[in-house]
Amino acid sequence: LRCCSSNGSGEKERTLGIIKPDGLSGNYSDRIKQVILESGFNINKEMVIQLDEENAANFYAEHSSKPFFTNLIKYMTSGPVLVMILEKEDAVIHWRELIGPTDAGKAKITHPQSLRAMCGVDIEKNCVHGSDSHQSAQREIAFFFKEAPSAFKTEAVRKHDEL
Ligand code: GDP
Ligand code: MG
């Protein structure tokens, strides 16, 4: 792997972006992808998948003791998500800037240009995910793209994917 932490060398970094169930069902994917490409990211890989409870709990393991964990798992399994590897110089920090703060309700006031302001609703339903560090990005990319991604896909989603 040729990638890098952000050190001004001009090398590309990769991060994980997810359009969450509300973003996908609300038909925001095209607009979000347009913003991604206009912001200079390359969408390296993408797939639509339906997470089950176990997948979602593993992905968000760091939050397992939080009071919102059960709701978070319900939310993330409520419909398919679109997972993307985004590539750019300093991709992790640039993608976090683009999505805006966790609370989409507050983002509408403090960061009106952010993606969460555009398509999110509140602190839970914030329509997009972004890795919070270079290390998280590596873990999350491996989680979806190196560990037999077909295991994540339901038959219905696979068909949708192949259309
Ligand atoms: P992120 O890194 O900005 O996505 O935020 P966190 O890592 O802190 O939380 C992960 C996800 O859990 C968020 O994107 C929200 O969907 C959800 N979440 C975070 N905080 C809360 C909360 O206080 N209440 C509820 N219901 N959901 C939350
Ligand atoms: Mg986080």
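Reader: Is Asn27 buried or exposed, and why?

Author: A residue is buried if 20 or more other C-beta atoms lie within 10 Å of its own, exposed if 12 or fewer, and partly exposed in between, with C-beta atoms placed from the backbone. Asn27 counts as exposed because it has 9 C-beta neighbours inside 10 Å. This is a predicted model, in which local features need pLDDT of at least 70, side-chain atom pairs count only at pLDDT 80 or more, and totals for chains, interfaces and linings use all residues. Residues are numbered from 1 along each chain as its sequence is written, while chains are lettered from A and ligands numbered from 1 in the order in which they are written.

Reader: What is the phi of Asn27 near?

Author: Most residues other than glycine have a negative phi. Asn27 has a positive value, near 60°. Asn27 sits in the loop that joins helix H1 (21-25) to helix H2 (29-38); helices (H or I, at least four residues) and strands (E, at least two) are DSSP runs, numbered from the N terminus.

Reader: Where is Cys127 found, and is Cys127 buried or exposed?

Author: Cys127 is in the loop between helix H7 (115-119) and S4. Its phi is also positive, near 65°. Cys127 is buried, since 24 other C-beta atoms lie within 10 Å.

Reader: Which residue does the UniProt annotation "active site" cover?

Author: UniProt positions are given in the numbering used here, feature names are shortened, and annotations may be inferred rather than shown by experiment. According to the unreviewed UniProt entry, the "active site" annotation covers His129. His129 belongs to strand S4 (residues 128-130) and is buried, with 21 other C-beta atoms within 10 Å. Leaving aside residues up to four places away in sequence, His129 touches Gly17, Ile18 and Lys20; contact here requires C-beta atoms, placed from the backbone, to lie within 7 Å.

Reader: Which residues are around ligand 1?

Author: A residue is near a molecule if its C-beta atom, placed from the backbone, lies within 6 Å of it. Those around ligand 1 include His63, Phe68, Glu124, His129 and Asp132.

Reader: Which residues of H8 are buried?

Author: In H8, these are Ala137, Glu140, Ile141 and Phe144. Seen down the axis of H8, they fall within an arc of 105°, so they line one face of the helix; the arc is that of the directions from the helix axis to the C-beta atoms. The buried residues of H8 pack against strand S1 (13-19), strand S3 (81-88) and helix H5 (91-99). Exposed residues Gln135, Arg139 and Ala142 are on the face turned away from the buried side.

Note on methods: Two residues are in contact if their C-beta atoms, placed from the backbone, lie within 7 Å.
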